Structures are given as C-alpha cells and as structure tokens.
Amino acid sequence: MLSGFLFALAAGLMWGLVFVTPLLLPEYPAAMLVAGRYLAFGLLAVPLALIDRRELKRLSRQDWTDAVKLSAIGNFLYYLTLAAAIQRAGGPLPTMIIGTLPVVIAICSNRRNAARDGHYRWRDLAPALLLIAAGIACVNQVEQAGVAPQAMGRYLQGAGLAIVALACWTWYPIRNADWLRAHADRSPRAWATAQGLVTLPMALLAFGVVALSQAAGLPLLPTGFDFPTGPRFWAYAGLMMAVGLFASWLGTLCWNEASQRLPTTLVGQLIVFETLAALVYAQLHRGGWPSGLAVAGVLLLVGGVCWALRLKPVAPGQERHLPASST
C-alpha cells in the first residue's frame, strides 16, 4: 500500500506538468503541443527499448495493439483536447474537470472490477467521494467567479473539450490496469516503454498532417506561425523534452507500478494528486496566493484521499459477513 501510494504521488506530480505547459507556450496550438510531446516521448523510448528489449520481445501482436489503443486515446486524444481546453479556458477549469476523475473512476471500477479487486462498500466510499467532490467544487467556484462575460463562449468551449479529455482519461487507467493485472509477470517499465514507442509514428503522422494542412491552406495553425519551429523554438523543444521524459515516460512508469500494487478503485482516487500538482503549478505561474476557499478545497481533496486510504475492500461473497473496516 505504501509503495503504491508513493508511486501514485510521484506520477501525479509529474503529470501535473502537462497542465501548465500550454500556459507557458500560448503561441503554440494544441496540435503542435501534442505532436511535440509525443515525438519527444517516442524518441526517448528508443534507447530505453534497448534496455528492455527482452521484455518487449515477449509482447504479442495483441499486446502491441493494446499499446496503440492506450496511447491513441489515453495519450494523443487526451492531451490534444486537454491542451486545447487550457488554451481556451485557462488552467483552473480543465484542471477541476479532470479533477473529477477520482470520483468517476471510483464509480466505474467499483462496479466493473468488484470480482477482481473486491468491493468497496458504497457507504464506506461515499464520505471520501463527497470530500473530493466538495473540494473540487470549492476551487471551481473561485475560478468561475473571475471569468469575464465576453469570454464565456471560449470558456465553455474549453469546458466541452475538457469533458472529452475526462472521458479519455477515465478509460485509460481502467484499461491500462486491466492489462497490468492480466500480465502481472511483465515489467511495468517495459510496458511504459512500449506505449512510448508506438507514439513515435503517431507523432510523425501528426506533424505530417499539420504540414499538409498548411500546404492546403487549412487553418490548423495561427496566421503567421512559422512551421515547424514556431516563435520560440528552444523553449518549445525544451518543454516538450521535459514533458516527454517526466510526464509521459517516467510518470507512466510510476503509475504502472502503482496500478500493480493497489486496487483500481483506490488508485483511481489517487489521480487527485495530478489535480493538486496542476493547481500548485498554475498558481505559481499566475503568482500570488490562493484564496481561502481555494485552500479549503485543496484540504478537502487531501482529506478525501486520506479517508480512502483507510478503507479495505471486501472480498466477493463476504459483504454480509465483514463489518466496515479500515487499515
């Protein structure tokens, strides 16, 4: 439990970087951010694949197909919609929408994976979910109060895109945990590397689509954007490499380690660390201190996670015999 908790915390701290990157590179549209991030991820995975070559050779064609699906939805589509949402609505709203993941995943996996992981009684799980939801609502209330009326349309566009990102990131950890639990003898590091390898051709394809759209006169990039370097190439390249290494490969590795150690319902709730890290990074980028209500929201989120860590799943068939208990 402790090692799984620490791995999930490390993953959240690194995944939080993806929320602040679109704010640091506002001149670069979402298509360039997602292509650059996963080009870096794919290039970093190539030398790592040499280290894990024996494990990678054990992967079947179906395993590689699963890696493609996970990367296409949980990496490409997720970050494309998230980056576009952040650039339209700012950091806090998409962060809060993605922050509902602990609730969404807990509900989905508590019903879907009860036979595998055991079942958390809803009466035991409800206080943790309510604390997390209340914390998210507090922070969201603070941020929505600062939206100008004339910016509401773009703000709502960002909200819609963030909901699509939420759907992608709900699907990814559940399906990724399915593979890891079904292949408990496999290396989580090699599985993270495999997902990185399949993003390389996806990223090259994305750059090709952008280049073709520019040649055809389609407005995927802002007017005057100097493809492929953009206005701040070195800042773009450095951030893409940092996000590719820490948020994509190392963060995925830590999450895989956590997924093998913790029940899906619990590990889903620990995605709250990503939300907390993203809020801290956004606040540092913005400057100044958060309001009292925002701080209260953060404390509620942490309280919900601590409550969830106390719970012990009930094995199938024992719901009527075991009392509600805590570790």
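The model is predicted, so local features need pLDDT of at least 70 and side-chain atom pairs count only at pLDDT 80 or more, while totals for chains, interfaces and linings use all residues. Residues are numbered from 1 along each chain as its sequence is written, and side-chain values use heavy atoms, with hydrogens and water left out.

Gln195 sits in helix α11 (helices are DSSP runs of H or I, at least four residues, numbered from the N terminus). With a relative accessible area of 1%, Gln195 is buried (under 20%, with a 1.4 Å probe and protein chains only). Setting aside neighbours within four places in sequence, its contacts include Phe41, Ala67, Tyr172 and Asn176 (contact means heavy atoms within 4.5 Å).

Now for the helix pair. Helix α10 (residues 152–182) packs against α11 (residues 188–215) at about 130°, the axes being 12 Å apart (axes are lines fitted to C-alpha atoms over the stretch in contact, and angles run from 0 to 180 degrees between N-to-C directions). Tyr172, Asn176, Trp179 and Leu180 of α10 meet Pro188, Trp191 and Gln195 of α11.

Trp249, in helix α12 (residues 233–261), is also buried, at 10% relative accessibility. Among the residues it touches, beyond four places away in sequence, are Phe41 and Thr193.

Notes. Helices (H or I, at least four residues) and strands (E, at least two) are DSSP runs, numbered from the N terminus. Buried means under 20% relative accessible area, exposed over 50%, partly exposed in between (1.4 Å probe, protein chains only).
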